[in-house]
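I am opening a notebook on this structure. My plan is to go from the whole chain down to single residues.

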Amino acid sequence: MAKITSDELGQEPIGKLLIKQAVPASIGILVMSLNVLVDSIFVGNWIGSIAIAAINVVLPVSFFIAALGMAIGIGGSSIISRALGANNREKALKTFGNQITLTLVVTITMVALGLYFVDSLIPAFGGKGSIFEPAKIYYTIILYGVPFLALCMMGNSVIRAEGKPRFAMIAMIIPSVGNLLMDYIFIYVFDWGMHGAAWATTVGYLLCFLYVFYFFLSDNSELKIDISHFGLDRPILREIGSLGFVTLARQAVTSITYLLMNNILFNLGGEAMVAVYAIIGRMLMFALFPVFGVTQGFLPIAGYNYGAVKYDRVKESIYTAIKYAALVATIVFVVLMVFPSEIASLFLSNRPELSAEEIATNNFVLQHTPMAMRLVFAATPIIAIQLIGAAYFQAIGKAIPALLLTLTRQGFFFIPLILILPNFMGEIGVWLSFCIADVLSTVVTGFFLKKEIDTNLQSGSGTSQD
């Protein structure tokens, strides 16, 4: 097989290139999302619905620390894509070395803090009542594997920046498959309960790290760094930080959202209502995988061609990405509107030895989830504009508009809505907040994206960044 190089990002037809980049990204995200989905089904059936709620409480903390690696990865990868497009290979190498050093320092520090404050963090994120103990077990074990996950997230973004989506896809598949296999062994065979669920996930992170480590040592990677590239460089760190902060801010707001949602829903309906949100949260990760895949595939194409001052190709990539993402989002929308009850039932155990409390929780979840799912995903067909628009500004290195547009949905609209609407509409106000936030953020992003295209992406205009 011919060796794939980053030069193809600036040469192949955009439609073909986007499919080549997006399909592996979508498959990788699908497998990761299926992992979360099936993992929840396993946990719900083999441990119980309270265990699903416990994992949902832990996710924002562990994901935020892992998102530090993702932020460093995406921020640095924007630099690497543009540097490769401008034929500045030394800057690409120095950026990659700085990413590794920064990821290790930041995530290990955050893990230490996370373990120290464990007893206060879990209740703050909704781990109250019968949820606390299983959440603490899961949280403590998961944190040991989070540095490996952060390195994987960082490395995966760099692999995409090199234009190697197939390898990035494999890196996403390995921890998912490993986790599910370990789930079966640790939970079903060994009967380790929450300990088994946590160790299965941690082993998956380690397997992913080993594969990413292998990739960069092999001939498949163009980025061959040496010891000199690991020394922190202030200008590069500043650029990584400004662009990576967009991703970090998004995840920080997501974590705050989980905190608020878990507490608001616990007050509205106790542990059972938190379990409803746990299922909705899994579907938010799983159902939109093809849309996120198109977004991931779009990033290196836009960044490379912007760095190469090929603005016509950048514009074409924006329009093509929105078209593809909108199409798949509409298909997802139809499925979720038609089969919400069937989807909810997948997460619930029907074991004959269920206690009266577990049966009552399952009945509550089955009753409330379909309506919640329909409201949460009501605006799905239009979200492509918001996702691609925010991703574009990050890809070309414009940190401030990328940050503001990334925060429009959850930070500027969703959080205020969930603090206000439930006071007047109860549970429906919580779920309706998702749809309203999607519509408002799409309108705002569409306005600024059109303005950017009309003013800075005309032939001969704009500023290339090396």
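**Entry 1: the fold**

How many helices and how many strands does the chain have? I looked this up first. The secondary structure comes to 15 helices and 0 strands. I note at once that this is a predicted model.

**Entry 2: confidence**

I checked the pLDDT next. Its mean over the chain is 83. A value of 70 or more is reached by 93% of the residues. Which element has the lowest mean pLDDT, and which the highest? Helix H1, residues 14-46, is the lowest with a mean of 75. Helix H15, residues 427-456, is the highest with 92. I then looked at residues 460-466, where the pLDDT is below 50. In the model this stretch still has 22 contacts beyond near neighbours in sequence.

**Entry 3: dimensions and packing**

I wanted the overall dimensions. The C-alpha trace spans about 70 × 45 × 40 Å along its principal axes. I compared the radius of gyration with the globule rule. For 466 residues the rule puts a compact globule near 23 Å, and the chain has 22 Å, so the two agree.

I turned to burial. Of the 466 residues, 59% count as buried. I also looked at contacts between residues at least 6 apart in sequence. Of these, 84% join residues at least 24 apart.

**Entry 4: surface and charge**

The chain exposes about 17,900 Å². Carbon and sulfur atoms supply 70% of that area.

I went through backbone angles here. Most residues other than glycine have a negative phi.

Asn87 has a phi near 60 degrees, and Asn87 is not a glycine. Where is Asn87 found? I located Asn87 in the loop between helix H2 (49-85) and helix H3 (89-116). Asn87 has 65% relative accessibility, so Asn87 counts as exposed.

Asp191 has a positive phi of about 60 degrees, again without being a glycine. I placed Asp191 in the loop between helix H6 (165-189) and helix H7 (194-217). Is Asp191 buried or exposed? Asp191 counts as exposed because its relative accessibility is 63%, and the cut-off for exposed is over 50%.

**Entry 5: Pro60**

I moved on to a proline inside a helix. Pro60 sits in helix H2. Its relative accessibility is 2%, so Pro60 counts as buried. Which residues does Pro60 contact, leaving aside neighbours within four places in sequence? I found Phe125, Ser255 and Tyr258. I also checked the C-alpha distance from Pro60 to Leu30, 30 residues apart along the chain. That distance is 20 Å.

**Entry 6: Leu299**

My last stop was Leu299 in helix H9, residues 289-307. Why does Leu299 count as buried? Its relative accessibility is 18%, and buried means under 20%. Leaving aside neighbours within four places in sequence, Leu299 is in contact with Ala391 and Ala395. Leu299 and Ala161 are 138 residues apart along the chain, yet their C-alpha atoms are separated by 8.1 Å.

Technical notes. Residues are numbered from 1 along each chain as its sequence is written. This is a predicted model: local features need pLDDT of at least 70, side-chain atom pairs count only at pLDDT 80 or more; totals for chains, interfaces and linings use all residues. Side-chain values use heavy atoms; hydrogens and water are left out. Helices (H or I, at least four residues) and strands (E, at least two) are DSSP runs, numbered from the N terminus. The radius of gyration is taken over C-alpha atoms; the globule rule is 2.2 Å times the number of residues to the power 0.38. Buried means under 20% relative accessible area, exposed over 50%, partly exposed in between (1.4 Å probe, protein chains only). Contact means heavy atoms within 4.5 Å. Accessible areas come from the Shrake-Rupley method with a 1.4 Å probe; for residues, only the protein chains shown count as cover. pLDDT is the predictor's confidence in each residue, from 0 to 100.
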